[in-house]
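User: Could you walk me through this protein? I am new to reading structures, so please take it step by step.

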Amino acid sequence: MQKTILSVFNNIECPKSPPIWLMRQAGRYLPEYKKVRKQAGSFLDLCYSPELACEVTLQPIRKYAFDASILFADILLIPDALGQKVWFVEGEGPRLEPVSSPDTLSLDNLSHQMQPVYETVSLLKQRLPEETTLIGFAGSPWTVATYMIAGRGTPDQGPAHALKQNDIIAFQGLLDVIVEATIDYLASQVEHGAEVLQLFDSWAGSLIGEDFDRFCIAPNKSIIDGLRARGITTPIIGFPRGAKDRYIDFAIETGVQAISIDQDIRLSSVIADLPDTVVSQGNLDPLCLIDGGQNMFSQIDDIIEVTKGRRHIFNLGHGIKQYTPPHHISELVDYIRNKG
Ligand code: CP3
């Protein structure tokens, strides 16, 4: 009974200590990542180089023996593959040639352009330890659209909100293309060996009221329904970051098998209403990994206590921060495994 992330979710039993992986477990906090990143040239070159992308995916597995490994790629590969110009500015983040409708986008090149990513998945499948679960992922349509419309990351997703208000046909058309591309992209990741999928809706928190239903829940559900219609039964983790009191609606209405929870909400308030059939994940504040020590241990204790008796995957409420000392992560893993 070795294989876990809750034996790819079918397991109804709760293990002694929760399985662990961390969002952004590959990245700039690791000196060995920075070395490979330099060798690759640009960030996108790294994403499209199977050997190098495989290497940076494996680095945190070798170092910390996490229970799951997440494919090294980015949510902005989808706009790139749809024909939108995407690049990353050193020290600043992503830049895109902004779009305001689906008219300039095309699905024709998607499968060809994503071949290197699928090759990375195949390499990982061969090279990962048998007990390590391979997670594939994509961005959710609203979150990806916020970058496509603004041409960069924005604090309030203002440009996407404006297009939604001013030209709903163009805005919805954009979401529809992303949904279609994402179904294909995730189905191919599964075909090449992904065992679990995660959908990142990092900016779900700026959708309120009915907008949350229309532009967060509905497109995530369309992707899941599309995968199920193709006969793909792979468990799916949804991450509607900042969903606040809508986490439960999201979990039930989209049909996800697991829900990843950010650090800004009281975990007990989500879990109280979450059906037992839905696995929980996350909630640890990534900042406490910079602190380490007692601050980190007491926040870990709280999560373990609150999730006792339910299937929970230990993880952060958002990605690991760049200034996290790598040894704090070893301490986190040891602490959780020794508590069990
Ligand atoms: O280890 C992993 O988690 C797997 C790889 C992964 C990356 N990005 C690598 C990455 C995953 C799952 C993502 C998801 C992603 N990408 C999201 C959703 C999750 C979230 O953080 O909210 C978003 C919004 C993006 C878009 C993106 N990519 C931004 C805004 C940035 C710049 C911010 C930053 O930290 O530099 C990136 C770049 C990026 N993606 C890096 C990594 C390791 C850093 C790039 C570098 O090496 O310079």
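Predicted model: local features only at pLDDT ≥ 70, side-chain atom pairs only at ≥ 80, totals over all residues.

User: Is Cys47 buried or exposed, and what about Cys216?

Analyst: Cys47 counts as buried because its relative accessibility is 1%, and Cys216 counts as buried as well, with a relative accessibility of 0%.

User: Switching to strands, how many residues of E5 are buried?

Analyst: Strand E5, which covers residues 196-201, is mostly covered, with six of its six residues buried.

User: Which way do they point?

Analyst: Val196, Gln198 and Phe200 point one way from E5, while Leu197, Leu199 and Asp201 point the other way, and all of them are buried. In a regular strand, side chains alternate between the two faces of the sheet.

User: Which strands pair with E5?

Analyst: Strand E4, residues 133-139, pairs with E5 in the parallel sense over five bridges, and five bridges also join E5 to strand E6, residues 236-240, again running parallel. Gln198 in E5 stands opposite Phe137, and Gln198 also stands opposite Ile237 in E6.

User: How does the chain get from E5 to E6?

Analyst: The chain crosses from E5 through helix H11, residues 210-229, to E6, and this β-α-β crossover is right-handed.

Key. Residues numbered from 1 in each chain as written. Heavy atoms only, no water. Buried < 20%, exposed > 50% of the residue type's maximum accessible area, 1.4 Å probe, protein only. Helix = DSSP H or I, 4+ residues; strand = E, 2+ residues; numbered from the N terminus. Pairing = 2+ DSSP bridges. Right-handed = clockwise from strand over helix to strand, strands pointing away.
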